[in-house]
Amino acid sequence: PSRESVTRQSARPMGPIKAVASCYMNMLNFSGRARRAEYWWFALFLFLAGLALQVALALRMMGDASFLAAMGSPDIAQTWFKQNPDVLYLAGYGFAGYVVLAWLPQLAVTVRRLHDTNRSGWFIFMPFVAYVAAVIGGLFLVMVTGGQGAPLAIMAIMIIPLVASIWFLVVLCLPGTHGNNRFGPDPVPNRKRKPPSHPAFAPQLPAEERAELAAHRKSEISDYYRKHVLTSIQKA
């Protein structure tokens with residue numbers, strides 16, 4: 001196939017099936033880039049799959065009278081688990097399935113999504129680092145003020161990680177960098193670049209896009225002249 005047809009094919013919108021398939025095929029791939037559609041379709045898939053699994057498990061447990069009785073008493077619960085040792089094995093298999101089918105591909109696509117915004121995959125630890133820094137700073141503040149700064153420290157421990165988590169979420173929603181970056185080629189080859197707000201910023205664009213922008217502006221000026229200026233002259 002020609003280069004143009006390959007570009008057109010790779011630039012098609014990514015639907016949910018293609019996004020989920022891509023995440024599982026690249027579950028061990030922590031290099032390259034992932035577009036927003038790939039990340040968020042997979043996030044929605046995990047949410048719906050997890051919700052369905054929890055509902056099914058809850059309905060199954062609610063229908064087991066012995067399990068409900070065991071949950072009301074530690075002694076009965078201990079006896080119930082001894083009589084049902086397979087539950088622990090199933091829990092272990094469930095955890096292994098979660099790691100393979102959810103946690104690992106989600107981690108990989110998150111790293112690639114960060115790469116798409118030209119950020120290192122280590123940025124994934126930013127909310128955790130912010131939380132640790134807030135706790136250490138809060139404890140230091142309490143020690144320095146002799147306990148008087150406890151309310152301020154508690155507020156900082158609550159707010160700083162929240163702000164960091166919100167910012168991390170915003171980063172995952174940002175569009176990828178236009179063209180190649182240090183992590184690889186653009187997953188959307190024909191990604192439209194937002195026109196500069198002022199012609200003074202046009203030299204920052206590639207030569208082809210500068211020419212397209214100039215032609216577009218000339219067309220706008222020509223249309224304005226025909227519709228407004230020329231019409232006014234003819235009416236006069």
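## Pro161 and its surroundings

Leaving aside residues up to four places away in sequence, Pro161 touches Tyr131, Ala134 and Ala156. Pro161 belongs to helix H8 of what is a predicted model, and its relative accessibility of 11% places it among the buried residues, because buried means under 20%. The C-alpha atom of Pro161 is separated by 9.0 Å from that of Ala133, although the two residues lie 28 places apart along the chain.

## Packing of H7 against H8

Helices H7 and H8 pack at an angle of about 170°, and their axes are 8 Å apart. The pair is therefore roughly antiparallel, since this angle is over 145 degrees. On the H7 side the contact includes Tyr131 and Ala134, while Pro161 and Ala156 are among the residues contributed by H8. By residue class, the contact of H7 with H8 divides into 18 nonpolar residues and two polar ones, with no charged residue.

## Packing of H6 against H8

Helix H6, spanning residues 86–116, packs against H8, residues 150–173, at an angle of about 75° and with the axes 9 Å apart. This makes H6 roughly perpendicular to H8, because the angle falls in the range 65 to 115 degrees. The residues that meet are Thr110, Arg113 and Leu114 in H6 and Phe168, Val171, Leu172 and Cys173 in H8. They divide into five nonpolar, one polar and one charged.

## Helix H3 and the buried Glu38

Helix H3 covers residues 36–62, and its 27 residues should span 39 Å at 1.5 Å a residue, which agrees with the 39 Å that separates its end C-alpha atoms. Within H3, the residues Glu38, Tyr39, Phe42 and Leu46 are buried, and what covers the buried residues of this helix includes H2, H6 and H8.

Glu38 has a relative accessibility of 5% and so counts as buried. Not counting residues up to four places away in sequence, Glu38 touches Met14, Ala19, Ser22, Cys23, Val109 and Arg112. Of these, Ala19, Ser22 and Cys23 fall within H2, residues 16–25, whereas Val109 and Arg112 fall within H6.

## The loop residue Asn118

Asn118 is placed in the loop between H6 and helix H7, the latter covering residues 126–144. The phi angle of Asn118 is near 65°, which is a positive value in a residue other than glycine. With a relative accessibility of 32%, Asn118 counts as partly exposed.

## Confidence along the chain

The chain has an average pLDDT of 82, and 78% of the residues score at least 70. Confidence is highest in helix H2, with a mean of 95, and lowest in helix H1, residues 3–10, with a mean of 42. Throughout residues 1–10 the pLDDT is below 50, and this stretch has five contacts in the model beyond near neighbours in sequence. Where pLDDT is low, the predicted coordinates should not be read in detail.

Technical notes. Residues numbered from 1 in each chain as written. Predicted model: local features only at pLDDT ≥ 70, side-chain atom pairs only at ≥ 80, totals over all residues. Heavy atoms only, no water. Axes fitted to C-alpha atoms, helices over the stretch in contact; angles between N-to-C directions. Helix = DSSP H or I, 4+ residues; strand = E, 2+ residues; numbered from the N terminus. Parallel < 35°, antiparallel > 145°, perpendicular 65-115°, else oblique. Contact = heavy atoms within 4.5 Å. Nonpolar A, V, L, I, M, F, W, Y, C, P; charged D, E, K, R; others polar. pLDDT = per-residue confidence, 0-100. Buried < 20%, exposed > 50% of the residue type's maximum accessible area, 1.4 Å probe, protein only. Expected span 1.5 Å × (residues − 1).
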